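Subject: Handover of a structure and the findings on it

Dear colleague,

Please find the structure below, together with its sequence. The notes that follow set out what was found in it.

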Amino acid sequence: MAGAHPTADLQISRVAGPALRIPAAELRWRFSRSSGPGGQNVNTTDSRVELVFDLAASEALGPVLKARALRRLEPRLVEGCVVIAASEHRSQWQNRVAAQRRLVELLQEALKPPPPPRRATKPTRGSVERRLAAKQRRSAIKGQRQGRLQLPDD
């Protein structure tokens, strides 16, 4: 995972299968002035961080994982790239670590295998009978509300 050294390769832990590693060469960094916390310090330092990972051109992921990630992250992608911005800390270093951590979490979520398909089931006989009995009770209650006129016998 993103650790104390943001210039190293990114370790994406996987539950099943081998661990994935994104080489540091595939990560691009951009720095700018932040509008976040820091007082006058933000006017002089480039503490805002943008981490850009070109998912479409990455060699770190296999074709199946890459296709899955591209499909799941499609709304977030900008020309095939994932862009993470971090400006919540005063220090550029802390923002770099935060951006890496968010990228790892995003990729872990996108690379999860799909859930098993739902097995179709039928309602039990008892639940069907209870439902129908409840409908009959409700119908009887509503039927009692109907003001049926009784004609006098002449």
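Which side chain meets that of Glu 88 in a salt bridge? The partner is Arg 102, at 3.1 Å from N to O; a salt bridge here is a side-chain nitrogen of Lys or Arg within 4 Å of a carboxyl oxygen of Asp or Glu. Glu 88 sits in the loop between β5 (81–86) and α2 (92–111), while Arg 102 belongs to helix α2, so the pair links distant parts of the chain, 14 residues apart. Helices (H or I, at least four residues) and strands (E, at least two) are DSSP runs, numbered from the N terminus.

Before the remaining findings, a word on the basis. This is a predicted model, in which local features need pLDDT of at least 70 and side-chain atom pairs count only at pLDDT 80 or more, whereas totals for chains, interfaces and linings use all residues. Residues are numbered from 1 along each chain as its sequence is written, and side-chain values use heavy atoms, with hydrogens and water left out.

Salt bridges

By the rule above, the count is 4 salt bridges. In one of them, Glu 50 is joined to Arg 30, with the closest N and O atoms 2.5 Å apart. Glu 50 lies in strand β4 (residues 48–54) and Arg 30 in strand β3 (residues 27–32), so this pair ties together parts that are 20 residues apart in sequence. Glu 50 counts as buried, at 16% relative accessibility, whereas Arg 30 is partly exposed at 45%. Buried means under 20% relative accessible area, exposed over 50%, and partly exposed in between (1.4 Å probe, protein chains only).

A further salt bridge connects Glu 109 with Lys 112 (3.2 Å, N to O). Both residues are partly exposed, Glu 109 at 48% and Lys 112 at 42%.

An open sheet is formed by 3 strands in the order β3-β4-β5, with antiparallel pairing; strands pair if DSSP finds at least two bridges between them. Its edge strands, β3 and β5, each pair on one side only. Between β4 and β5 there are 6 bridges. Helix α2 packs on the sheet and touches β3, β4 and β5, its direction making about 140 degrees with that of β5. Contact means heavy atoms within 4.5 Å, and angles run from 0 to 180 degrees between N-to-C directions, with axes fitted to C-alpha atoms, for helices over the stretch in contact.

Yours sincerely
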